[in-house]
Amino acid sequence: MNPSGNSGRALPRASDTLPWALVTPALGWTLLFFVLPFIAMGLSSLTAHEGGGFTLTNYSQFFTNPSYWQAMVNSLEVTAIVTVISVLLAYPFAWILAEQVPERWQRLALMLAVLPFWTSYVVRSYSWLLVLAQNGVINRALTGIGVVSEPLQLANTRLATVTGFVHFFVMLLTLTIFANLKQLSPSYRKAAADLGAGPVRTFLHVILPLTLPGIMVGAFLTFVLCIGDYITPQILGGNNELLMPQLVMMQIGRRGDFPLASALSIILMAVVSVAYLACARWLKIERT
Amino acid sequence: MRSVARIVSWIYALAVYGFIFLPVVVLVLFSLQSTSFPIPPFTGPSLRWYEAVLSDSRLTSALVNSLLVALISSAAAVTLGFLSAWGFARFVLPGSGLLRGLITLPLTVSYLIIGMGLLVLFNWAGVPKSLLAAGIGHVVINLPLCFAIIYSQMGDHQINIERAARDLGAPEWKVLLLITVPVMAPAIFAGFFLSMTFSWDEFVISFLLTRFETTLPVEIWNLLRSGLNPKTNAVGSLVFAVSIVLVVFFELTLLRRKPA
Amino acid sequence: MNAPLVDIRDVSHRFGQHRVLRNVSLTIEAGSYTILLGPSGSGKTTLLSILGGFVNPSEGKVLIRGQDCTSVPPAKRPTTTVFQDYALFPHMSVGGNVGFGLRMQGVDGTTRAAKARDALALVGLAAAFDKKPHQLSGGQRQRVALARALVIEPAVLLLDEPLGALDLKLRRQMQDELKAIQKRVGTAFIHVTHDQEEAMALADHCVVMNDGRIEDEGPPERVYARPATRFSATFMGESTILAGTVLETGDRTCTIATPVGPVSLPSALPRGSAAALAIRPEHLVLGAASAGTKLGKADVSDVVFQGSFKRVLATSVEEPSLRFIAKLPATAVVQAGDRVAISCDTDQIILLTD
């Protein structure tokens with residue numbers, strides 16, 4: 001790059017200690033309370049719950065015990081479903097907000113669209129429980145108009161977990177996709193129209209490819225946040241079908257089995273890292 | 001054809017708004033009735049459960065705890081984040097890229113795993129569960145955020161402004177106090193505000209690292225164990241109302257002002 | 001007493017593997033207006049940063065008023081810099097900006113405000129004292145930056161492309177003001193630019209830089225009329241360049257073989273050596289036979305009307321890769337496609353040394 005760019009950084013002179021004094025507290029904090037816990041967790045995961053001592057059983061259990069394995073499968077399935085549905089719901093919504101809503105109302109429309117973001121995170125899942133419960137709003141409405149005679153089992157199902165997640169991520173993705181669409185220069189659309197493309201082809205060949213990197217970032221964020229979340233599946237899905245975070249918390253809560261909980265956490269993190277590496281190519285496009 | 005597309009898109013938008021608002025409306029609506037279950041039919045309006053919440057000392061003290069943890073941990077996160085961003089932006093440090101990567105690394109790890117790690121470490125080191133432990137965890141999640149926001153705003157123009165101040169004779173600490181902090185104020189404030197909201201709403205780290213004294217999300221979680229409870233509706237609606245007031249306040253005051 | 005105000009001795013600088021300055025030596029007299037002129041990447045901005053104390057040179061020394069300032073920090077040396085982006089403090093009023101340097105010296109508020117007002121009056125912005133930088137136009141911000149730097153009475157004022165962000169008309173207007181202000185305050189100005197017109201209009205002393213070296217330096221009239229190098233002849237104004245070799249060396253003249261015929265000049269170059277000749281556009285004569293040196297025939301390819309003159313491009317018939325650049329009166333009758341004889345006054349041919 002431009003060599004004169006270097007001149008912007010004053011080289012550490014007489015007071016060499018100043019720059020280190022500035023960055024050391026943050027680095028120290030990260031080392032002490034992020035890296036060290038991680039090492040502790042790694043060591044713990046290699047320790048036997050009963051009696052201590054080195055062991056790999058915490059990891060081998062995951063692969064041999066079908067219910068542990070199933071939790072990971074459930075987590076991946078739920079996360080994939082949530083990510084796809086959220087993107088499919090949010091994109092057209094963000095597009096309508098950015099294209100159809102008059103300019104002066106856009107800010108308000110967007111603020112309204114993410115307003116429930118500001119409810120407490122625990123309360124948000126609880127609210128869906130109110131809606132989906134046996135005697136909740138939906139079942140009352142359905143039985144009231146006679147669509148069904150018996151209340152449906154909506155809460156404590158995968159459907160409920162997915163609904164709770166989608167609710168949150170539709171808001172998040174609407175924000176990111178909206179920002180993406182607004183960044184596009186209007187001249188792209190004008191140029192495409194000028195060259196004879198109709199609205200559909202303009203969208204398919206110009207708008208969609210240009211916003212795809214932004215969508216990928218949003219989808220990845222959804223994946224990461226969704227697969228590590230404990231509250232939503234615990235409140236809405238119940239214990240009928242366990243997801244990974246629930247499995248981790250269970251080890252701590254019921255049995256105080258820190259080594260197994262550590263091993264499961266590390267496996268969960270490894271899966272996220274693999275997903276990150278798989279998406280890194282797309283995520284990089286966004287940065288440049 | 002045009003107008004059909006327009007009508008379809010309006011219907012779609014309204015349906016999504018409906019989906020987004022459905023749980024919030026239900027939450028607030030059934031917080032306003034006096035029956036013991038927050039379920040239809042609506043028999044409202046009554047403030048009975050709001051009184052119950054405000055006279056519940058566990059909930060009110062959890063609220064104070066949450067505010068304290070959020071304020072102190074955010075102040076710590078933004079201070080550490082600002083100082084390190086300044087150091088990395090202004091000086092050539094060996095291994096700078098790697099060290100900056102280390103500081104932002106916690107952003108890519110879920111809260112559950114950060115909480116687990118701290119739990120194992122504190123358990124091993126004999127640190128008791130407390131609000132302090134949860135606060136430490138909140139600094140871990142918010143420090144990278146503050147660092148990233150502030151570092152990204154320290155552009156070449158800011159560097160020149162500081163050089164001008166030094167050139168005119170300002171010693172380093174005056175550059176910091178009179179120039180850097182005021183000029184960076186929007187980014188510093190954004191970092192602080194985001195940290196506050198994340199800490200205020202954080203559940204899993206607080207859940208793992210506190211015991212007797214705890215934060216509001218954990219206390220609400222404890223309420224949930226008793227099933228559908230109008231008190232939960234009331235406290236949820238209160239938190240929502242306070243958040244909305246704050247967001248609107250910030251929207252109208254700070255974000256409206258466009259810096260040159 | 002005769003020591004120059006600034007004495008740059010054999011300064012070299014590199015960023016990593018990249019050499020941006022190669023053995024630069026330069027002296028600057030008190031009260032002079034010096035322009036560092038060169039294309040981007042020529043090292044002129046780095047040289048200015050070294051003078052200002054923002055960059056420590058890899059080799060060499062910088063003496064200011066006879067004192068070694070090579071590694072003295074910016075605040076401690078008698079220089080002040082006006083930054084290209086002005087670097088005004090956005091959160092302070094104009095008065096606060098201008099008074100900042102005095103505040104750092106511990107000057108009390110009343111004196112500070114009075115001096116700041118004087119400095120603002122000097123640059124014609126007395127009324128802007130209480131405004132914020134973002135309320136000012138580009139030209140006004142430029143003046144505030146100038147006032148802020150001048151108010152602490154530096155021995156040398158360094159200006160990094162100070163007019164670069166302004167539109168053409170404003171730039172020409174600010175040029176005149178800069179010169180007037182410099183004459184009034186008597187401070188030595190060192191000004192970096194890539195605009196040769198700016199250089200000619202402002203400089204007492206013009207330093208042409210290319211690729212980390214000083215190509216030429218002197219009063220702008222001399223640099224224009226007798227450029228030392230090929231680069232200087234083409235960067236500071238346009239020139240037609242003829243390459244050739246020395247054919248014969250006479251008593252005081254030599255004859256140089258060029259693609260358009262032999263040219264005799266007063267010089268003493270050895271036989272067989274390579275030589276380059278430069279001719280300024282206004283010295284080329286088209287058509288009418290002149291008494292000077294004949295340069296063959298050429299086909300006119302372009303005539304561009306520039307208001308007060310016509311700029312003519314013509315390709316040599318004898319050497320198709322040679323392009324003549326000429327400047328003719330606006331009334332000249334010439335058009336693309338004409339074949340014309342080219343000549344020029346022998347005295348106006350510049351023999352380049354590189």
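Biologist: Which residue is the bridge partner of C:Thr293 in strand 19 of chain C?

Modeller: In this predicted model, C:Thr293 has C:Cys344 in strand 19 of chain C as its bridge partner. C:Cys344 also stands opposite C:Leu284.

Biologist: What makes strand 16 and strand 19 of chain C a pair, and in which sense do they run?

Modeller: Strand 16 (residues 293–305) of chain C is joined to strand 19 of chain C by 5 bridges. A pair requires at least two bridges, so the two strands count as paired. Their sense is antiparallel.

Biologist: How do you know that strand 15 of chain C is joined to strand 19 of chain C?

Modeller: Strand 15 (residues 284–286) and strand 19 (residues 339–344) of chain C share 3 bridges and run antiparallel.

Biologist: What is the strand order of the open sheet of 5 strands in chain C?

Modeller: The order is 15-19-16-17-18, with antiparallel pairing.

Biologist: Which strands are at the edges of the open sheet of 4 strands in chain C?

Modeller: That sheet has the order 2-1-4-5, and its pairing is antiparallel. Its edges are formed by strand 2 (18–28) and strand 5 (67–68) of chain C, each of which pairs on one side only.

Biologist: How do you know that strand 1 and strand 4 of chain C pair?

Modeller: Strand 1 (residues 6–15) and strand 4 (residues 59–64) of chain C are linked over 5 bridges in the antiparallel sense. Within strand 4 of chain C, C:Val62 is the bridge partner of C:Ile8.

Biologist: How many helices and how many strands are there in chain B?

Modeller: Chain B has 11 helices and 0 strands. Along the sequence its pattern is α-α-α-α-α-α-α-α-α-α-α.

Biologist: How does the radius of gyration of chain B stand against that of a compact globule of 260 residues?

Modeller: Chain B has 23 Å, whereas a compact globule of 260 residues would have a value near 18 Å. The C-alpha trace of chain B spans about 70 × 65 × 30 Å along its principal axes. Of the 260 residues in chain B, 48% are buried.

Biologist: Why is B:Leu67 called partly exposed?

Modeller: B:Leu67 has 15 C-beta neighbours inside 10 Å. Buried requires 20 or more and exposed requires 12 or fewer; the value of 15 falls in between, so B:Leu67 is partly exposed. B:Leu67 is found in helix 3 (residues 57–90) of chain B. Its C-alpha atom is separated by 6.8 Å from that of B:Trp200, a residue 133 places away along the chain.

Biologist: What percentage of the contacts in chain B between residues at least 6 apart in sequence join residues at least 24 apart?

Modeller: The share is 74%.

Biologist: How many residues of chain B are in contact with chain A, and with how many of its residues?

Modeller: 69 residues of chain B are in contact with 64 residues of chain A. Helix 1 (residues 2–31) of chain B gives the most to this side of chain B, with 14 residues. By class, the side of chain B that touches chain A has 54 nonpolar, 11 polar and 4 charged residues.

Biologist: How many residues of chain B are in contact with chain C?

Modeller: 17 residues of chain B are in contact with 18 residues of chain C. Helix 7 (156–167) and helix 8 (172–201) of chain B each supply at least two residues of that side of chain B. Helix 7 of chain B gives the most, with 8 residues. The residues of this side divide into 10 nonpolar, 3 polar and 4 charged.

Biologist: Which residues have the most contacts inside the largest nonpolar core?

Modeller: They are A:Leu129, A:Leu130 and B:Ile150, in a core of 140 residues. Apart from this core lies another, of 77 residues, among them C:Leu48 and C:Val156.

Methods
Residues numbered from 1 in each chain as written. Chains lettered and ligands numbered in written order. Predicted model: local features only at pLDDT ≥ 70, side-chain atom pairs only at ≥ 80, totals over all residues. Contact = placed C-beta atoms within 7 Å. Nonpolar A, V, L, I, M, F, W, Y, C, P; charged D, E, K, R; others polar. Core = buried A, V, L, I, M, F, W, Y, C linked by C-beta atoms within 7 Å. Rg over C-alpha atoms; globule rule 2.2 N^0.38 Å.
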